[in-house]
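Biologist: Could you walk me through this model? I would like to start with its pockets.

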Amino acid sequence: MISGSYTPFDTVFVVGGTHGNERTGVTLVQHWLQRPAEVQREAFTTQLLLANPEAIRKNVRFIDRDLNRSFLPQQSSGKTVGTYESARAREIAATLQSGIHGKRTFAIDLHTTTTHMGITLITNTDPVNLAVAAHVQKRLSDSRIYCFADSHRINSCLRAAADGGLGVEIGPIPQGVVRHDTLEITAGVVQQILNTLETFNRGRYAPLDPNLPVYLHDRHMLYPEVPAGTPPVFIHRGIEGRDYAPISPGQPIFQDLRGWVGKYEGTDTRYPVFINEAAYYCENIAFSLTRKMPLGSLFASG
């Protein structure tokens, strides 16, 4: 699916701390800065980056605005030009953009989630990114691919500053916490991505399974509004902790302490992710809905 169209990457960036309170990526990057040989490969140079040092220092998600939503040109040069994250986005873009230093770049952006998403590889519909994700997923059978086609969301994230990239999302783990198991899992995923990129750089492409399931982002589901002073609505017990399990029309998705139940009003089955993510409460996002589809259909549509 990518044979003949793959251009090798010269530099691969492993990025931690895009969100300062997601300590797994921070810890691993700090470790690899001390032991860089663990992530080096012969086919490219690996560089390590702590994305949001001030947020890392304060153990918070961000200082002024979400760094992972700050890479559109108008976000780093318009009304938000004076924010810490906008300035940091410009610095990171200057580091990752191949047009500046003439080297083709790939970004591995390390994240964690409070939700039960297991190992999730986040990508866009770029054929090379999809192929890398698919090969990693083949090696890590318990992982899933979560794909975005929305250009605004894609272009505003850190990975968009590089020529290619994947987000690594591991959960569940609380914000601001370091755990041995999450560190081990994330480190293993990074090694698999690096191995896959080295294989691709050497021109070796194994056939991809066109039926491999991919979860394509559809839309966000917001919490229902309640009057001020009223206890909030929360995730229904039937879907809590069941990321990637199907939701059917009429299925309960919300409840409150009075016994009220809110049902899914969509007309088609969807697959929820980021169910009850703590970081999304400020945006009133309960979870995101995805469509489960075969990998081959995304290549065909691209």
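Biologist: How much space lies in the largest pocket?

Modeller: First, this is a predicted model, with local features needing pLDDT of at least 70, side-chain atom pairs counting only at pLDDT 80 or more, and totals for chains, interfaces and linings using all residues. Residues are numbered from 1 along each chain as its sequence is written, and side-chain values use heavy atoms, leaving out hydrogens and water. A pocket is an open set of points on a 1 Å grid over the protein atoms alone, where a 1.4 Å probe fits, with protein on both sides within 12 Å along at least five of seven lines. Taking volume as the space filled by probe spheres set on points joined across faces, edges and corners, the largest pocket holds about 150 Å³.

Biologist: Which element gives the most to its lining?

Modeller: Lining residues have an atom within 4 Å of a point, and among the 12 here, Phe71, Leu72, Pro73, Ala93 and Gln97 are the closest to the pocket's centre. Helices are DSSP runs of H or I with at least four residues, numbered from the N terminus. Two or more lining residues come from each of α3 (73–77) and α4 (84–96). The most, 3 residues, come from α4.

Biologist: Happy with that! Are α6 and α8 parallel or oblique to each other?

Modeller: Axes are lines fitted to C-alpha atoms over the stretch in contact, with angles from 0 to 180 degrees between N-to-C directions. Those of α6 (residues 127–139) and α8 (residues 180–201) come within 9 Å and cross at roughly 125°. Angles under 35 degrees count as roughly parallel, over 145 as roughly antiparallel, 65 to 115 as roughly perpendicular and the rest as oblique. The two helices are therefore oblique.
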